[in-house]
Amino acid sequence: MKRPTLPEITLPAPLRSKPVKIVGLAILVLFLYALPILDLPIITTPDSDFGGVLYTMATYVLIALGLNIVIGYAGLLDLGYVGFYAIGAYTTAVLGVQHGHWPFLATIPVAVAVTMLSGVILGAPTLRVRGDYLAIVTLGFGEIIRLAAKNSDWLGGARGIQNVPKPPSVHLFDVPHLRWENGTVLIDVSNKTQAFVFGFIDYVPYYWLALTVIFIVLIADVLIKSSRVGRAWEATREDEDAAEVMGVPTFRYKLLAFAMGAFVGGLAGSISAAGANFIYPDSYQIQVSVIFVAAVVIGGQGNRWGVMLGAALVVYLPERFRGLEEYRILMFGVALMLLATFRPQGLLPPRNARRARKLERDLEELEVGDEVQEVTS
Amino acid sequence: MTTDQPTGEVMLEVDHVTLRFGGVTALDDVSFAIHEGEILGLIGPNGAGKTTCFNVMTGVYRPTMGDVRFRGQGLSRMKRFEITRIGIARTFQNIRLFKTMTALDNVMVGGDTHSSVGLLNALFRTPRQRHEEAETRRRALELLDFVGIGRRGDELAANLSYGDQRRLEIARALATNPKLLCLDEPAAGFNPAEKERLMELIRKVRDQGYTVLLIEHDMRLVMGVTDRIVVLEFGRKIAEGSPTEVRDNPAVIAAYLGVDEEDAS
């Protein structure tokens, strides 16, 4: 049976030239920064604070970028990614308030270092097992981190840690939001975002911070992926034995992917802790890991733009349709099933996978054509 | 039995290698040597242990007894990627390319073996990284051209024709810059015309200064291209010598050719 497929998404020819791309990208970046200020109708979530939703989306996008290195590039199914996220958050909280008074920015390098180290400690013994076994071991890791935090008074126990330090505030100027009323746009002077004050109510500055971090990680991702490191990851994913025989130390590269993934996960955890103000172990449950993996798979593992889109949607859709109450989870499930049926490789699969599938379809059509010819002749 | 004395120095030495899987003896006290600059054929009926022997030489299996030495260096404690790095490359009988990567990238993975720049260099695009990247790319393109698929570099490995995939395997192995190239049934599934072209390619590879070990089923191909032949049967070496000697060897005829010829006539 032929599987129905959605049309391939490709940019039209005039949009593919380099200057057009750069200008387009610049506009997109500006638009993303301005998004919470614009308060566009339809897009803006009606039932929850849009700045807060955007901020959560941004942390998930960051996580998806990190997890994509592990799952998408190196092909290692990590079901315990929330563990790294938790370690990043807890390091910041422990240094900032529980056992020290470090400023937020100073906790970040330590947080990512600790997370990377934990990635290496987890990876060194477990990356020798493959496939499903790795998934099980990592699943266990995620739970161990949560339970360790829950049962350790030193880490705040089940109540967690309050008053996580916030990023340093610098009040430079106020940005008024827009208000849309019956087709007219008004500048809402009563609703201003203080740039850049990291407070308790307005999440827009946090969103800007997370967005900036995303861009930095994204650039690093592009640079690494297009080097021999990226090639080695891809080769390892495609055929580990063949890669090894071609001189790729696959274990080292898998460990590197784990460490890089952990780095980004810890960074995201650290940033999310600052925004959340207080953290507690049960917010790092296994379901969160599942959502992370869902974001990567829905978007199209291996394609950085795909996984970012996937992460954004996974957070946005349930918030946008909060009005549907519990039905929204049902709708989300239905959407996942439809996606798995019609586009199993994700919304935006990597270019190469797309090409391979296109060839497969072309061949199928050719074969069908032959059959028709045979019948008619 | 007399053998042609090969001219070059010993490059790789299989020294009394025995390999057992549980109760099965896959290789039984096998010894032979590959000399610098020759094309050595390794033949034998199905299940004779050719590929197993190959896997021992490239570090996939560890010998139960005996050792494989490359230029005097024992291989049994080395990791597979290290064996590649000291100069032994191989292709796979059942093609194992990196399917979702382009042909060029496949070859570049092999070429990266000799690149030393790491993550930080890549992250900051240092001059050294740019230089090595360009060099690896240039060499990969050259190799694609050398094996005759220069125009296919941009295509995905999975999208290449069967013959081109076999050629790509050879290019990828050559990219690791080996001293010894081991080809595991590179002509499997080829028609006579394709086999002829492949023989030319193998000779061309040797003329470039590589030493070649060829595992092959097709007797004509082996006879036509190799300098010396080692014959395995049931995991034991039963003959070694020049193609003519091996062809006339009664043990070989009984084990291999005899049966074949009777079937054919």
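**View 1. Helix 1 of chain B and the glycine that follows.** Just after helix 1 of chain B, Gly59(B) takes a positive phi of about 85°; helices here are DSSP runs of H or I with at least four residues, strands are runs of E with at least two, and both are numbered from the N terminus. The model is predicted, so local features need pLDDT of at least 70 and side-chain atom pairs count only at pLDDT 80 or more, whereas totals for chains, interfaces and linings use all residues. Residues are numbered from 1 along each chain as its sequence is written, and chains are lettered from A and ligands numbered from 1 in the order in which they are written. Helix 1 covers residues 50-57 of chain B, and six of its eight residues are buried, so this helix is largely enclosed by the rest of the structure. The buried residues are Lys50(B), Thr52(B), Cys53(B), Phe54(B), Val56(B) and Met57(B), where buried means that 20 or more other C-beta atoms, placed from the backbone, lie within 10 Å of the residue's own, exposed means 12 or fewer, and partly exposed lies in between.

**View 2. Helix 5 of chain B and its buried face.** The 21 residues of helix 5 (residues 127-147) of chain B should span 30 Å at 1.5 Å a residue, and the end C-alpha atoms are 30 Å apart, which agrees; the expected span is 1.5 Å times one less than the number of residues. Gln129(B), Glu132(B), Glu133(B), Thr136(B), Ala140(B), Leu143(B), Leu144(B) and Val147(B) are buried in this helix. Seen down the helix axis, these buried residues fall within an arc of 110°, so they line one face of helix 5 of chain B, the arc being that of the directions from the helix axis to the C-beta atoms. The face turned away from the buried side carries the exposed residues Pro127(B), Arg130(B), His131(B), Ala134(B) and Arg138(B). The buried residues pack against helix 3 (103-111), helix 4 (119-124), helix 6 (162-175) and helix 7 of chain B, and just after helix 5, Gly148(B) takes a positive phi of about 95°.

**View 3. The two domains of chain B.** Chain B is divided into domain 1 (1-87 + 178-265) and domain 2 (100-177), with bounds that come from an automatic or database domain assignment. The centres of these domains, taken over C-alpha atoms, are separated by 27 Å. Ten residues of domain 1 of chain B are in contact with ten residues of domain 2 of chain B, contact meaning that the C-beta atoms of two residues, placed from the backbone, lie within 7 Å. On the side of domain 1 that touches domain 2, the elements giving two or more residues are helix 2 (80-86), strand 7 (180-184) and helix 7 (192-207) of chain B.

**View 4. The side of chain B that touches chain A.** Here 30 residues of chain B are in contact with 26 residues of chain A. Helix 2, helix 3, helix 4 and helix 5 of chain B each supply at least two residues of the side that touches chain A.

**View 5. Thr212(A) in chain A.** Thr212(A) has its place in helix 6 (residues 204-225) of chain A. This residue is exposed, with 12 other C-beta atoms within 10 Å. The C-alpha atoms of Thr212(A) and Asn163(A) are separated by 24 Å, the two residues being 49 residues apart along the chain.
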